[in-house]
Amino acid sequence: MGAYTWHEGLEEAVELDDEWLVFHPGRFTVTKLNESGGVCWDLLRQPQTPDHLAEELVRLYAIDERDAQADVSLFLSHMLELGLIRHAG
Amino acid sequence: MRMHAAYITIAAHTFRCRTDSRQVRELLVRRFGRGAPEADGAEEAACEPMRLVIHTGYGEPFAGYDVAVRRSARLVRYERRDYRISIDWTGGLTVIDVFDEFALRHALMNWYSAYIAAGAWGLLMHASCVVEDAEAQLFAGPSGAGKSTVARLSQPRPVLADEAAIVQPTDGGAMVYDSPFRSELEAPAVLQPPQRLGAIHLLRQSAEVRRERLARAAGMTELPGKVFYWAARPQDTARVLALTQQLVRRVPIYTLHFQKNDSFWEVIQDGRLHLA
C-alpha cells in the first residue's frame, strides 16, 4: 500500500486551545483537526502508510485495530480531497 | 495624454497616484482626502514605495464579482470584466484600468487588500465597525448579513466602516482605521482616528438578541472567509493566514444574534461590564 505525506508548502499544525489547525496558503483554507487528527498530521511530515498511522492510533488511544484503520482511511481521503496531503514517492 | 496627480491616503498608507481622468482625480481627492502633490520633499518621503496609475475607458460594465488572478514572472494581475489590476511588486508600480467609478471602488479595495497583506501589515475585512467608549466593535458577515444595517442602527456612534473594515493586528491586540471604502453611509468629512478593537462579532439575524463567545480554533476557521482577499502569491496568502491567527489570539470573537434594532448594544455593553 502506498504512503502519504504533506503537500508542498504545508507546515506543522497550529495549536489553539488544545485544537489543531492546518493552514493551506495555496488554497487559503483553514482545517480544524481533532487530537488524533493532529497526531496523524504530525506523523505525515514524513511519508506514512495507512497501516502505520493506524498502529500509532492503537498504541496511543488503546482503540480497536479495525476502528483505527477505518478512522485513518476516512482521515486520509478527507485530507486528500482538501489538498493537504499527497501520495509520497 | 495629460495625467492628473494626487496623493491618496488609506489608513496608515499614503500613495502617489496619477490618472488620465480629471473626474477620477476629483473622486480620489473627495474619498481619499489628499490633493495635488506640492513640490514638498516631506510629503513625497512619507509616501509608500508603491505608485499607482489609474486609466479609464477599460473593459465592460460590471457583470459579476468573480476575479481571475494571473501571475507572470514580473506581474500579478487581477481581472474582472470592468477592471484590471497589474501589480509590479519589484518595480513598485500598480496600474489599474477601470470601466467606471463602481469598478474603481472595487479595484482599489482589491488592490489595497493585496498591498497590506504583502506588507504583513493588516487585513481588509467584510465588516462594519462602530466605536463606543473609545473601543471599536467589528460586525462581520457575508453580503446580506446585516453589516451596513448594524452600522446604520448604531448611529450616532462613530462609524469607521460600513462594509470594508481596515484592521491592523498589533502587539497588544488590534487597531481599526477609518475606512474610505463605504457603500451606503458616506465617510465623515474629517478623518477619524484609529481605535483599539474590542471584539469581533459574527452576525446572525435572529428573533432573539444574544451573543456567544467562540473558541479560538472555531474563530480561526470562520475569519478567513470574512477577509477581502484574492489569493495570488502563496507567500501573501501565508501572511494573511498569519495575520488572521494574530487577530484570533488577541481579540475575542462572538456570534451575535440580533434583531433589526439597536438592542444588540445592550448585550455588548453587558459583556464589557462583566469583563471589567
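Predicted model: local features only at pLDDT ≥ 70, side-chain atom pairs only at ≥ 80, totals over all residues.
From H2(A), the residues in contact are A:Pro50, A:Leu53, A:Ala54, A:Leu57 and A:Val58. From H3(A), they are A:Glu65, A:Ala68, A:Gln69, A:Asp71, A:Val72, A:Ser73 and A:Leu76. By class, that contact has eight nonpolar, two polar and two charged residues.

Now the geometry. Two packed helices are described by the angle between their axes and the distance between the axes. Here H2(A) covers residues 50-61, and H3(A) covers residues 65-81. Their axes come within 8 Å. The crossing angle is roughly 125°. Angles from 65 to 115 degrees count as roughly perpendicular, and those over 145 as roughly antiparallel. H2(A) and H3(A) are therefore oblique to each other. The handedness of this crossing is right-handed.

Over to chain B. Take helix H3, residues 101-118, and helix H6, residues 234-250. The axes of these two come within 8 Å, and they cross at roughly 80°. That makes H3(B) roughly perpendicular to H6(B). Who touches whom? On H3(B), look at B:Ala114, B:Ala117 and B:Ala118. They meet B:Asp236, B:Arg239 and B:Val240 of H6(B). Sort those by class, and you get four nonpolar, two charged and no polar residues.

Stay with H3(B) for a moment. How many of its 18 residues are buried? The count is 13, so "mostly covered" is how to describe H3(B), given that a residue is buried if 20 or more other C-beta atoms lie within 10 Å of its own. Next, a length check. At 1.5 Å a residue, the 18 residues of H3(B) should span 26 Å. The C-alpha atoms at its ends are 26 Å apart, which agrees.

Last item: where the two chains meet. Chain B puts 14 residues into the contact, and chain A puts in 12. On the side of chain B, two helices give two or more residues: H5, residues 216-222, and H6. Which element gives the largest share of that side? H6(B) does, with six residues. By class, the side of chain B that touches chain A has 10 nonpolar, three polar and one charged residues.

One thing to take back to the viewer: find H6(B). This helix crosses H3(B) at roughly 80°, and H6(B) also gives six residues to the side of chain B that touches chain A.

Conventions. Residues numbered from 1 in each chain as written. Chains lettered and ligands numbered in written order. Axes fitted to C-alpha atoms, helices over the stretch in contact; angles between N-to-C directions. Helix = DSSP H or I, 4+ residues; strand = E, 2+ residues; numbered from the N terminus. Parallel < 35°, antiparallel > 145°, perpendicular 65-115°, else oblique. Contact = placed C-beta atoms within 7 Å. Nonpolar A, V, L, I, M, F, W, Y, C, P; charged D, E, K, R; others polar. Expected span 1.5 Å × (residues − 1). Buried ≥ 20, exposed ≤ 12 C-beta atoms within 10 Å, placed from the backbone. Left-handed = near helix turned anticlockwise from the far one by under 90°.
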